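Hi,

Here is the structure I promised to pass on. Have a look at it first, and then read my notes below.

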Amino acid sequence: MKLSSTRHSRWAGASPRNARWPRRAGAFGLAAVLSTTLATAATAAPGSEQPASEAATGLAIARVQVSGTAERQKLMDLGLDVIDLTSTHAEVLLHGETDRARLASGNWPVAVSDVSAQLTAMTAARAAEDRREDARRTDPTLASGLPTGRVSYRTLDEAESEMRELERRYPDKVKVFELSRRSLLGHPILGMEITSDVDTYSGKPAFLTSGLHHAREWPTLEFTMEFAWDVLENYGTDRRIRNLVDSTRLIIVPAVNPDGYRISRERIHEMKRKNCRVAAGAVPTWEQCASPDAAPLGVDLNRNYGAFWGGPGSSASPTAENHHGAAPYSEPEIAAMTDLLNSHQVVVAVNNHTPDARLLRAPSSPLEPVPAEVALYDGLAQQLGTALGDWPTGPWPEVYYVASGVAEQQGLYANGTLGFTPELTPGHSGLERFHPQYQYVVDQYRGVGAYPGSSIREALLIAWSAAADRRTHSVLTGSAPRGIELTISKDVSVNSSPVTRDGETAVLPSDLRIESTIRVPDSGRFEWHVLPSLRQSQDSSILLPESWVVSCRNPAGKIHRAVAVTIGRGETKAIDLSRCPAGPRKPIGAGR
Ligand SMILES: [Zn+2]
């Protein structure tokens, strides 16, 4: 199909930083600023005039004078790692010579600063936190205000063994599962499902929260893990939490990008944002991903979702920080997250990121329409923004920047999921932006200390409560023979942005199967909380008039009865499946 986009770009540039949040001395406060022009630096012999630390790490920070929307857009279009953007300046993290040459092509006035002092300070801070963590295990007075009392960032191993520990401690409420595909390096991507009677699926509405789409955004692993502990330890005493655990399913994926997190957390390449992809279509080894040459490579996992894939705010260049990958869902981590969305009827999702004091919702690209259900969607966004201390809240382009192929787009256009991205632990500069000292994680969790009134815990509780609210989803009720399996399904096609391949501009459609299953309880009555069958159009502010197919099958998998149901958000419909063949009379299992 040949397409030409006539839609008008309404990118307005990133808003000035929210000045409420603390700014600590970073690269420019601690280190000497080396004023130079990048044109010189880019062509200098390797190491000739660069500080040793920079030669070793490949890292430097450039402060770039850019003003005006067009100039800022030109800079963003280079795909550089822009870590801060004000009305007059941008801070760009340079990962190596390629970045230097790319920035030099813009001919902006640039000052490059050494990051060695800040890196040294960060390494010392991590070591001090690790020592305090060791001491805390035997001295409770050292505990932080977090549910676990932790005072240091988890390793991936620690997070995974804690997930197993939660399952051991709360076997009736926690199920740890592997997502459908492993990471590029073959590491399992673990999720937790938390609900009362977790083995008896009863069609409760689902809320999803995730961490570490981006490897260096360490606080997001902490928030999701702490929230799991919080919920399980307070189930018995906190009525709000108990009601939610009883009436919904909480799904947590703490590390969407486990390979990238290991590279960053083990400080092999601490500023790594993307996954381990080194060459399109090829599976790298750990050594290849950890090699200094691979530092600027990888796919930005939050640009690899299929809906509007390849559009503005994403790059085809493998060294760009917002590289979208070779194709929609080309990365196994994102194929796995998409499978999760397609099999779990996720009503509301919060995908945690750092660090810019924003609360984002779809649209994220100027090619998108205003959502038909914008009042409901934005109303919830505003509640979350308020819980985070009145942070700028709204569509990505209005409060942040343009992006394509992000989680919120996938959720909305394929599934009808109401998705949000909070940009957490703001207020730091230079390399500390993405994972500041651990005390800031502690403060952000409950909205105390450096972040008074800005609580990710409260935002997660509000989003989770919204998933339970019948106005945010649809309900199917009816009777059917006890113990039989019911399936709800829909085939949808989701389009990329227009992309040019072989000289022709076209959209790339992806065909997705959305399907989930329950077993009818002993009562023979079911109440199934699902997403609406009506689906947001990618072209205009309307809902597509689609239907679910609800079916029952015999044990051989043959469909006995299939009913089409058209249902909108906030509606309840009764369906008659009483003539399905009776199932085997055995205890109700863990059908999904
Ligand atoms: Zn991020």
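A quick definition to start: two strands pair if DSSP finds at least two bridges between them. Helices (H or I, at least four residues) and strands (E, at least two) are DSSP runs, numbered from the N terminus. This is a predicted model, where local features need pLDDT of at least 70, side-chain atom pairs count only at pLDDT 80 or more, and totals for chains, interfaces and linings use all residues. Residues are numbered from 1 along each chain as its sequence is written.

Now the four-stranded sheet. In β22, V549 is the bridge partner of S489. Strands β15 (residues 485-495) and β22 (residues 548-553) are antiparallel and share four bridges. They belong to an open antiparallel sheet with the order β18-β15-β22-β23. At its edges sit β18 (509-519) and β23 (559-565), each pairing on one side only.

There is also an open sheet of eight strands, ordered β6-β7-β9-β8-β10-β13-β11-β12, with mixed pairing. Its edge strands are β6 (174-178) and β12 (393-395). β11 (residues 358-361) runs parallel to β12, joined by three bridges, and L360 stands opposite G394 in β12.

Last, two helices: the axes (lines fitted to C-alpha atoms, for helices over the stretch in contact, with angles from 0 to 180 degrees between N-to-C directions) of α12 (residues 332-344) and α15 (residues 407-415) come within 11 Å and cross at roughly 40 degrees.
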